Amino acid sequence: MPKNREEIKNEVDKFFENLKDKTPEQIRKIKKKAMSINFKLGKLKRRFCQKCYRIYNFNDKIRIKNNLKVIVCSNCGTKRRWAIK
Ligand SMILES: [Zn+2]
């Protein structure tokens, strides 16, 4: 039976409460689920690599320049940047 929007939202929220022990595969799946109901992950997206779905950790390079935060994934090298206030 397909789950409703509210259920999926709760599932996604719970998932991100305990991100540390999640695998990239699990992250990929939950992202898909969130997308299926058009639920924007927003800031949660900043906690993992958008390409290889690895959770960012202290190995990753973080640089701050011109009010932009740049993070480089130490696994696949994908750069992500976002504005900081
Ligand atoms: Zn990556």
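Visitor: How many residues lie between β1 and β2 in their hairpin, and which residue in the turn has a positive phi?

Guide: Do keep in mind that this is a predicted model. Two residues separate β1 and β2 in the hairpin, and Asn 66 in the turn has a positive phi of about 45°.

Visitor: In which sense do β1 and β2 pair, and over how many bridges?

Guide: Look for the bridges that link the strands. Strand β1 (residues 61-65) runs antiparallel to strand β2 (residues 68-72), with five bridges.

Visitor: Which residues of β3 are the bridge partners of Lys 69 and Val 72?

Guide: Lys 69 has Trp 82 as its bridge partner in β3, while Val 72 has Lys 79. β2 and strand β3 (residues 79-83) also pair in the antiparallel sense, over five bridges.

Visitor: What does the hairpin of β2 and β3 look like?

Guide: Six residues sit between these strands, and Gly 77 takes a positive phi near 80° there.

Visitor: How many of the five residues of β3 are buried?

Guide: The count is zero, so to judge burial we ask for 20 or more other C-beta atoms within 10 Å of a residue's own. By that count β3 is hardly covered.

Notes. Residues numbered from 1 in each chain as written. Predicted model: local features only at pLDDT ≥ 70, side-chain atom pairs only at ≥ 80, totals over all residues. Pairing = 2+ DSSP bridges. Helix = DSSP H or I, 4+ residues; strand = E, 2+ residues; numbered from the N terminus. Buried ≥ 20, exposed ≤ 12 C-beta atoms within 10 Å, placed from the backbone.
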